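Work through the following exercises with the sequence and the model side by side, and try each task before reading its solution.

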Amino acid sequence: MPEEELVDIKFRLYDGSDIGPFRYSSTSTVDMLKQRIVSDWPKGKTIAPKAVNEVKLISSGKILENSKTVGQCKGPLGEVGGGVVVMHVVVQPSLAKTKTAEKKIDDSPRKIVCQCSIL
């Protein structure tokens with residue numbers, strides 16, 4: 001039986017800090033990685049995901065699909081010294097939250113007063 005390949009992955013956050021590295025099986029899914037990110041998110045960050053669907057993972061310039069495995073996503077450009085794969089993390093609030101934020105914008109009509117004098 002072949003030995004299972006393990007991959008070291010580090011997650012780079014928006015401010016340049018990292019979560020990890022952690023060791024994953026090459027059969028782990030991107031969704032599993034996102035769950036780990038949400039559960040291990042550092043306290044005190046101004047931006048934090050509240051759910052897995054708010055997290056996007058980027059590796060080698062590509063947004064990774066939840067159903068893909070680590071083995072399918074691993075690319076030679078994403079590795080740094082020591083064989084650690086770096087994946088960038090983007091937090092994107094859900095669409096429902098964005099729409100409620102848009103509703104808070106006051107777009108009511110304003111009365112414009114123009115005081116002009118003719119000489």
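**Exercise 1.** Is Tyr24 buried or exposed?

Solution. The model is a predicted one, and in it Tyr24 has a relative accessible area of 9%. Because buried means under 20% relative accessible area, Tyr24 counts as buried.

**Exercise 2.** Find the aromatic pair of the structure and decide how its rings are arranged.

Solution. The structure holds one aromatic pair, and its two members are Phe11 and Tyr24. The ring centres lie 6.3 Å apart, and the angle between the planes is 70°. Since planes over 60 degrees apart count as edge-to-face, the pair of Phe11 and Tyr24 is edge-to-face. To place the pair in the fold, note that Phe11 belongs to strand β1 (residues 6–12) and Tyr24 to strand β2 (residues 18–25), so the contact ties together parts that are 13 residues apart in sequence. Phe11 is buried as well, with a relative accessible area of 0%.

**Exercise 3.** Which residue lies over the face of Phe22, and at what distance from the ring centre?

Solution. The residue is Arg36, which lies over the face of Phe22 at 3.5 Å from the ring centre.

**Exercise 4.** Describe the order of helices and strands along the sequence, and then state how much of the protein is buried.

Solution. Begin with the elements, which are three helices and six strands. Reading along the sequence gives the pattern β-β-α-β-β-α-β-β-α. Turning to burial, 27% of the 119 residues in the protein are buried. The accessible surface comes to about 8,600 Å², and 55% of that surface belongs to carbon and sulfur atoms.

Definitions and conventions:
Residues numbered from 1 in each chain as written. Predicted model: local features only at pLDDT ≥ 70, side-chain atom pairs only at ≥ 80, totals over all residues. Heavy atoms only, no water. Phe/Tyr/Trp six-rings, centres within 6.5 Å; stacked < 30°, edge-to-face > 60°. Helix = DSSP H or I, 4+ residues; strand = E, 2+ residues; numbered from the N terminus. Buried < 20%, exposed > 50% of the residue type's maximum accessible area, 1.4 Å probe, protein only. Lys NZ or Arg CZ within 6 Å of the ring centre and 35° of its normal. Areas by Shrake-Rupley, 256 points an atom, 1.4 Å probe, with all protein chains shown as cover.
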